[in-house]
Amino acid sequence: MLTFDDAQQRLVHDAPSPTRTELISIYGAAGRVLAEPIHAVLDLPAADNSAMDGYAIRHADFQAGQALPVQEHCFAGETPAPLAQGRATRLFTGSMIPEGADTVVMQEHAREIDGGVEIDAVHCAGQHIRRRGEDIREGQLLLPAGTFVQPAQIGLIAAQGIEQVRVFAKLEVGILTSGDELVEAGNVRAPQQVFNSNAPMLSALVEGMNARVSRVLLSRDNEFELRCAFSQLLTQCDLVISVGGASVGEKDFIKPVLESIGGSLAFCRVLMKPGKPVFASYVAGKPVICLPGNPGAAFSVFALLVSPLIRHMQGRANVFPPVSRIPLRGVTRGGGDRDEFLRVQCRPADDGQAELVPFAEQGAGSVSSMACASGLARIPTGSQFCAGTSAAYYDFRHWLE
Ligand SMILES: Nc1nc2c(c(=O)[nH]1)N[C@H]1C(S)=C(S)[C@@H](COP(=O)(O)OP(=O)(O)OC[C@H]3O[C@@H](n4cnc5c(N)ncnc54)[C@H](O)[C@@H]3O)O[C@H]1N2
Ligand code: MOO
């Protein structure tokens, strides 16, 4: 049986990296991963320009109380004439600085009188000019390969005039739920049946990470059906996530079925609660992760173990999101032989500092606490948490991204 940390590392270490790439428009690039680095092709700003609406002057021409004739108005997008000696150019935020000018005066510090401009004060020479290349220098590395592209990165890329980027192809994920008791939502449920909540939940989790759910299958608890389902998913997908039938029950067939189709076991069982009966296998080099059927366990194990694996297979450079330390409310003892992950809500305490409030209901089958949790607090085996002790906090905003 592996420790939680070993399982988490092992999954990422052993998994394949992406190879397929595609060229896409920046308009569709949010949530994708760069397959190549992006270097600046342009200085930014591309030319000296004004940071204010006002007047461009030569600093040496300024004399309190003496008006400078305005030689022209130059708007952003226009090319100004060189500034003649003793004159001013009216300009606006983003206007190019005319050759010869070295200072911009805000219009609030000046008045136009009879075609000239009288300036109250100039703070310093060179003020309010955004210099060419002060933000970005041509040739510099802007974004390394493996960058997870979000709106800010798209803005950076577009500012360079780059319209298409090479990204890794979307990771194709197959989901297999299994259980004779399961019935899909929207159907009539017999008293002994359970609605299949894991399939839509896992689909949403996978899509929330910008991977593609290629196929979702539901299999009965029999080896033939399970074998067919796995085989189908493995031909279509890069990664297969199965849920249920992972434990030691008489109809928990997942493990023998994977062995029968040539799966090599990476690990089985992890010292974590919930989530002990989780195992990982490789079939023809493709990872198959089998999650426990209890919905609370499936959700937690997805966040903690599957999400880093997905990020790695997507080609992202940052695979393990930050884990912060935040005081936990109440007294908790880490018992048993596994690290426990409590569903908690992170919220401000009376003193305004964040604290983690665990839910009373922590059963692995609970779907109610899951829906209110903002993340998981880790209680290491054998530890004692007095009120206010800080716990490692796995924030879903990061761990499910
Ligand atoms: N003797 C032992 N029994 C169990 C152990 C153990 O170590 N020894 N481990 C327990 C733990 S921990 C967990 S977690 C569960 C995991 O069991 P399985 O992965 O085999 O899952 P199932 O038995 O198929 O289902 C468990 C539970 O979850 C419900 N379920 C399953 N799939 C879905 C779904 N798609 N949507 C909604 N609900 C689902 C299922 O009806 C069961 O109630 O094993 C413990 N037992
Ligand atoms: O460890 Mo199980 O995964 O309690 O739910």
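Select the shell around ligand 1: its residues divide into 8 nonpolar, 9 polar and 4 charged. Here Ala, Val, Leu, Ile, Met, Phe, Trp, Tyr, Cys and Pro count as nonpolar, Asp, Glu, Lys and Arg as charged, and the others, Gly among them, as polar. The shell holds 21 residues, the closest being Glu181, Asn196, Gly245, Ala246 and Ser247; a residue belongs if one of its heavy atoms lies within 4 Å of the ligand.

This is a predicted model, in which local features need pLDDT of at least 70, side-chain atom pairs count only at pLDDT 80 or more, and totals for chains, interfaces and linings use all residues. Residues are numbered from 1 along each chain as its sequence is written, chains are lettered from A and ligands numbered from 1 in the order in which they are written, and side-chain values use heavy atoms, with hydrogens and water left out.

Next, select Glu181: a side-chain N or O atom there is 2.6 Å from an oxygen atom of ligand 1. For Asp252, the side-chain distance to an oxygen atom of ligand 1 is 3.2 Å. At Asn294 a backbone N or O atom lies 3.3 Å from an oxygen atom of ligand 1.

Asn294 also surrounds ligand 2, as do others including Pro274, Lys276 and Ala364. Select that shell: 5 nonpolar, 2 polar and 2 charged residues. Which backbone N or O atom lies 2.5 Å from an oxygen atom of ligand 2? That atom belongs to Gly275. Finish at Arg338, where a side-chain N or O atom is 2.9 Å from an oxygen atom of ligand 2.

Methods:
A polar contact is a pair of N or O atoms within 3.5 Å; within protein, one must be able to donate a hydrogen and the other to accept it, and residues adjacent in sequence count only if both atoms are side-chain atoms.
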